Amino acid sequence: MKLPVAAGLATAAVTVTLYPLFEGGSWFWSCVGAVLVTTLAGAAASRLGARPWVAPAVTPVAVLLYLTAVFTPEEAWLRAVPTRDSVVRLAELLGSGFDDIQRFAAPVPDQPGITLLTAAGVALIALLVDVFAVRLRRAALAGLPLLALFTVPAAVMTEPIGWPAFVVAAFGYIGLLVTDGRERLSRWGRAVVVRRSGGSARGAAPDTERLALSGKRIGVTAIALAILVPAVLPALSPDPLFGFGVGNGLGGGGGNIGIPDAIAKLGGQLRQQSNGTVLTYTSSDDVPRYLRIYSLDIFDGTKWTLAPLRGRPEDRVSEGPLPPAPGLRPGVSLKRAEMRVTMSEDIDELNFLPLPYPARQVDADGDWRADRSSLMVFSTEDEAAGLEYRVVTEEPEPTTTELRTAVTLPDSERYLQLPDGLDPRVEALARRVAADAATPYESAVELQEWFTRNGRFTYDLRASGSGAQALSRFLLRDRRGYCEQFAGAMAVMARLLGIPARVSIGYTGGTKIGDAWTVRTHDAHAWPELFFDGIGWLRFEPTPAGAGGQGTAQVPSYSLPVTPTAEPTSGASEGPSSGDEDTGQSAGPARPNPRQLDRDLDGTAIAADPGTPAAVKFGIGAAAVLALLLLPAAARLLVRRRRLRRLTRSAAGGHAAWAELRDILTDLGMAGEPSETPRALGRRIAERYAPGPQAAESLARVVTSEERLRYAPAPSASGPVPADLRRIRRDLASKTSRWRRLGAALVPMSVLLRLRAAGEGVLDVFDRLEGLRPRLWRTGLRRMELRRTGGTSPGHGTATTPERPAGSGQDRTLTGARR
Amino acid sequence: MAVTPDVTDAAARLEDLVDTAHRIRNTIESVIEGKSDVVRLTLTVLLAEGHLLIEDVPGVGKTMLAKALARSIDCPVKRVQFTPDLLPSDITGVSAYNQQTREFEFKPGPIFANIVVGDEINRASPKTQSALLECMEEHQVTVDGATYALESPFMVIATQNPIEMEGTYPLPEAQRDRFTAKIAMGYPETAAELEMLDVHGASQPLDKMEPVATTAEVAALIRAVRAVYVSQPVKRYAVDLVAATRHSPELRLGASPRATLHLVRGARAHAALAGRDYVIPDDLQDLAVPVLAHRLLPSLEAQGQRRHAEQIVGELVRRVPVPDAK
C-alpha cells in the first residue's frame, strides 16, 4: 500500500528539478496534481486488489479527467468529463505548447500550452514509475523513467543542475527503493519466518528496521559522495556535474539559437552545449571571411559599447552601394568577392546583418540601412532570421610598404578615447611590447604577436568580464580568457599606443560543409579592428586558434610579422578548416600561419601559464595530497603526546594509558573484540605475541591499573608511566612486519576508525531526523490550522496561468538579444 | 567508594575465604579427578548461596561430586533419590499424629539439611519436582499451613540425566530458573580415568573423607562474598548480557531478571574465590554459560541448526561489548 505513494513521491521529487526551466510556479502545481491523480489511481487499484494491468489502464483515464478539469473546464461536461470540444481544445493547447517550446528558450513562460504539456509528460512518467515499481515490482527499473525526466533540465540548461534539486530527486528515488525493499522483506518474512513464542502482536511482522536503516545509510552516503567528490575535485572536469546554487537558467536553450549580444556576453555562446547553425554562405572565391554584426567603439571602463547608430533613408542598402569605407584611399589594391548568405530560421531576434568588412553592396529584402561611420547594416523593422541576402565586399590588400608608411588619423579622437582610472601598468606594458616597433603598423603586429605567442596566454572560456579591472587582471595576472578579453585588451592597448581601434562582434568564417560555409554558435567571436590612414580598418586576431583556442579563428596575412626572406604578398589567409589551399592568395611556406605551425607541432597550441611550470604544479599538488594523507598520522602523534602528558601529570593517569594501549594495538593490527575485558586483552597479547619480560610487566601494569580503575572500589596506588607505553609499543612493533610498522606510523588505523565513527554519528543524526514520524508533523499542522481559524487558505494549487510579467520583455534591445 | 569499613579486616576475611575454599577444593579433587573447573564452579555456587544442577549421562560422577562437597563440609547432608513414585511430602516432610501428645507433629523431610543432594531429579513427576520450588527460592517449607525455615547455608545439588534419556520428565522452566548454574561433568581424561581406577578400585574414597570446614565457616565465607564490590559498569554489563539473550533471534525464551541476580551473585563468589574484592567482567564472562544457558529456549530455527543454548550464549558473550570507563 505504501509503494504507490512512494512511487508518486519519487516522481514529484524529480519534477522539482524542472524548476529552472520555467518562469513562475503554476506549472509545478499542475504537475503535482497530475502526480497526485496518478498516485491515487494506483493506490486505489492496489487497495482493491486489482490485477496488475488495471492500474495502467485506469490511470490514463483519470489523468485525462484531471487535465480536462484543469485546462478546459468550460468545454467539458460537468467541468471534468471530456467532450468533443474539450478534447479539441486540449489538442490545440498541446499544439500551442509544442510551438511555445520551440519558440522560447528556458526559462519558458507559464503558458497554458506548456503547462499542459509538462503536466501530461509528468503524468506519463508517474504512470511508468507506477507500472515498474508497483505492478511489475521492479523498483530499480523505475529509475529509468525518472532519469528520463531528470535529463530534461540537464540537457536543456547550460547551467549545471543545482545540487539541492539533485538531492531532492535522489531522495525520492531512494525512498522508493527503501519502501520496495521493506515491503518485499515483510512479505517474504511472513511466509517463511516462524513466529516467536507467545504470539504477541510484536512478533507478527519481521524486523525490517535494520535492513531499511542500512539501505538508507548507503543512500545518504552515495548522495553525499556524488555531490562532494566532484566539488572537491575540480580537476575531474571543468564543469562539475552540479553547480552550487540553483541555476537561474540563462542562455538560449531549447530550439533557439542564441545570437551574440552587442554588450558582449560571448562566453555564453561559446560555452553552450548545443552548437546550432546560425547561417551558411557561399563565396565567389571560396575563402572564409569573418562576418561582423556589431562594431563597438566606446570603452567606458566597464564594457565596450557602440555609439548610437544613424540610419538615414538615403543609406538604405536597396538604394545602391553602401557608403565608402572610411579611410580607404584610391591606389590600394582591393579584392572583390561576392557572398550569398542564408540566415537560419531559428535564430533569436536579430536586427543586424552579419557582413564581411568592408561591404560594398548588400541585396536583402526589407528596410535595411547602413551606418555611415561603421558600415553596420541594421533594420528597425525587419529581422534577419530566415533572410537570404547577397553581399559584395572589397577587401583592401595593402602591400607592406603601404602598411609601413600608413599613419594614424589626427582627428580620430573618438577611437582613441579611454576611460580614466585605467591601470598605468597596462600602458607601460603596451609600450614595452611595442618597444621595437617603428611605425603604428609594426606596433599592431607586435601586439598581435605578443598576444598569440610571446605573452603566453591561455584560452579559457571560464574567464569573465571586460571592464578595466578584468582587463588588468587579464593582462597582468592570470592571462587567461577568450576572444572577448583578447579583443578588448588589444583594442585598449592599441588606443594606448595611439592607434585608433574598435572591437567587432560577429562570427568567424566557419567550417566548410559541402559547397557552403557553415557558421555555428560556437563560431561567435570578437576581434579588434585597427585603423590606418589610407587603408582603413584592418582586422587583427589576438585570440589563439585551433584546438586549444577559438576553433575557426584565423590570422590575416597582412598582420603577420615580415621575415626578410619573404616577398611581401597580399591576400587573405587560408581557411583553417577548408583544407584546400587557395593558391592565389596563400601565404608562402616561408611565412606560415603561426597558429597553424603551433598546431602542427603539438596538439595543444597554447602554452601553459608561464608563472608556474607544470612540474612545479605537479609538485605542489603532490605535496598537498601527501600532506592530506599524512593528516591521520599527525593526528595520531598529537593524541599520543597529549595522553602521555596527562599520564605524567596525574598519578593514576586516568584512562589515558589504556586508551593509548588500545590505539597502539589497533595501529599494529592486534586489536580485539569490543567484548574483550582488560584482563583478557592482556592475556591474549601476552600469549600470542610473547612480549619481552619488561614489556610484559608494563603491559600487566597498564591492564591492572585500568581494571582497578574501572571496577574496583579504589584505584591502584601506582599506575603506569609513559615509559611503560613506549616499551610496549616498541616491543610489540618489533613482533610485526615492516610494512605493518610503516602503516601504523603513516596511516594509523585508530585515527581512521575514529573518523568512521564520526561519520556514523552524522548518519545517526539523519536516522533520527527520519525518526520524526509524519504523525508528529500532522498534529503540528492541525494545530496551526486551528490557530488560523477564519483565515483563508493561501491560493496555492490553482491551475490558472498568470499573465506573463510585463517586465520580462524589457531586455529586448535593438541588438536583438534576449536573455 | 569505600564499601567495607575496615579494609584490612576485609582483606583478612578474603584471605580466610581463599584458604578455606582451597581446602575444600583439594578435598573434593581427591575424589573427583581432573575436574577442577567443575569443582570450582560448585564452590562458586555454594558461596553464591545458589543451587546447582549437574546434568550428564550416568556414571560420570555426578553424585560423587555432590557427596564429596557435602562430606567436605561438616554439616547435615541429606540425599533424596528421585523416582517416579516419589511424593512431595517425601521431600518436605509430613505432619503425623502423635498418639502420646495427641497432637499433629511435623516430621521434617530430607529438605531440612544444609546440603540436599537430589539424585536424578528428572525421574520424579513434575508435582514432586515443583515441591522443591518454594524451598529453593525462599529457603522455607510450608506444610499444612505452617511455615518452617530451612537451614542456612542451604544448597540443593540436583543431578539429572540428559532429558533425551528414557523415563525422564524434563524440569519445568520455572524450576530450571531456580538453579544458579547447570554444569556437565563430562568424561574424565585418560590419565584421570587411570588414576581413578587406582584410587577407586580398592576402596571407597568417600569414606575416607574428613570434613575440612564447618557450617559456621561457610556462613562466614558467604558473608564475605556478599561484601565483594560490584561497580556500576559491571552491573551494567550483567544487564546487557542478560538483555542480549532476550533480543537474540535465536532464542525463544530469554533469561529472567532472576538470572541477572544469580549472575551477579555468582560473579561475586567467583571474584572472591580468586582473592579479589571486586567483580570484573571476566567473572561474568566465565559464568555466563553455566548460569544462563539452562534457562534459555533456543528458537526452532536454532534447534533445526543443532545449535545449543550454550553455543548461543557463548556467542552473545563474544558480541556484547564490555562497558568502557565512562
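Here is a set of questions and answers about this predicted model.

Me: Happy to start with one chain. How many helices and strands are there in chain B?

Reply: Let's begin with burial in that chain. Of its 326 residues, 43% count as buried. Among contacts between residues at least 6 apart in sequence, 78% join residues at least 24 apart. As for the elements you asked about, chain B has 14 helices and 13 strands.

Me: In the open sheet of 5 strands in chain B, which strands stand at the edges?

Reply: Start from the strand order, which is E3-E6-E9-E1-E10 with parallel pairing. The twist averages 15° from one strand to the next. A strand at an edge has a single partner, so one side of it is left without a neighbour in the sheet. In chain B, that describes E3 (77-81) and E10 (181-183).

Me: What is the bridge partner of B:Val77 in E6(B)?

Reply: E3(B) and E6(B), which covers residues 115-119, run parallel. They are joined by 5 bridges. Within E6(B), the residue that partners B:Val77 is B:Ile115.

Me: Which helix packs on that sheet, and what angle does its direction make with that of E6(B)?

Reply: The helix is H3 of chain B, residues 62-72. It touches E1 (52-55), E3, E6 and E9 (155-160) of chain B. Its direction and that of E6(B) make an angle of about 170°.

Me: Now for a hairpin. Which residue in the hairpin of E7(B) and E8(B) takes a positive phi?

Reply: First, the two strands: E7 (residues 140-143) and E8 (residues 146-149) of chain B pair in the antiparallel sense over 4 bridges. In that pairing, B:Val141 stands opposite B:Tyr148. The hairpin has 2 residues between the strands, and the one with a positive phi, near 50°, is B:Asp144.

Me: Are H10(B) and H11(B) parallel, antiparallel, perpendicular or oblique to each other?

Reply: Two packed helices are described by the angle between their axes and the distance between the axes. The axes of H10(B) and H11(B) come within 10 Å and cross at roughly 135°. That makes H10(B) and H11(B) oblique.

Me: Which residues of H10(B) meet H11(B)?

Reply: By class, this contact has 6 nonpolar, 1 polar and 1 charged residues. On the side of H11(B) are B:Ala259, B:Thr260, B:Leu263 and B:Val264. The residues from H10(B) are B:Lys235, B:Ala238, B:Val239 and B:Val242.

Me: Over to chain A. How do the directions of H3(A) and H5(A) compare?

Reply: H3 (residues 54-71) and H5 (residues 112-135) of chain A have axes 11 Å apart. They pack at an angle of about 160°. Angles over 145 degrees count as roughly antiparallel, so H3(A) and H5(A) are roughly antiparallel.

Me: How many nonpolar residues does the contact of H3(A) with H5(A) have?

Reply: The crossing of these helices is right-handed. Among the residues in contact are A:Val63, A:Leu67 and A:Phe71 of H3(A), and A:Leu116, A:Ala120 and A:Leu127 of H5(A). Beside 1 polar and 2 charged residues, the number of nonpolar residues is 12.

Me: Last one. Which element gives the largest share of the side of chain A that touches chain B?

Reply: The contact takes 18 residues from chain A and 23 residues from chain B. The elements of chain A that give two or more residues are H18 (678-689) and H19 (693-711). On this side of chain A, the residues divide into 8 nonpolar, 4 polar and 6 charged. The largest share, 4 residues, comes from H19(A).

Definitions and conventions. Residues are numbered from 1 along each chain as its sequence is written. Chains are lettered from A and ligands numbered from 1 in the order in which they are written. This is a predicted model: local features need pLDDT of at least 70, side-chain atom pairs count only at pLDDT 80 or more; totals for chains, interfaces and linings use all residues. Two residues are in contact if their C-beta atoms, placed from the backbone, lie within 7 Å. Ala, Val, Leu, Ile, Met, Phe, Trp, Tyr, Cys and Pro count as nonpolar, Asp, Glu, Lys and Arg as charged, and the others, Gly among them, as polar. Two strands pair if DSSP finds at least two bridges between them. Axes are lines fitted to C-alpha atoms, for helices over the stretch in contact, and angles run from 0 to 180 degrees between N-to-C directions. A residue is buried if 20 or more other C-beta atoms lie within 10 Å of its own, exposed if 12 or fewer, and partly exposed in between; C-beta atoms are placed from the backbone. Angles under 35 degrees count as roughly parallel, over 145 as roughly antiparallel, 65 to 115 as roughly perpendicular and the rest as oblique. A crossing is left-handed if the near helix is turned anticlockwise from the far one by less than a right angle, and right-handed if clockwise.
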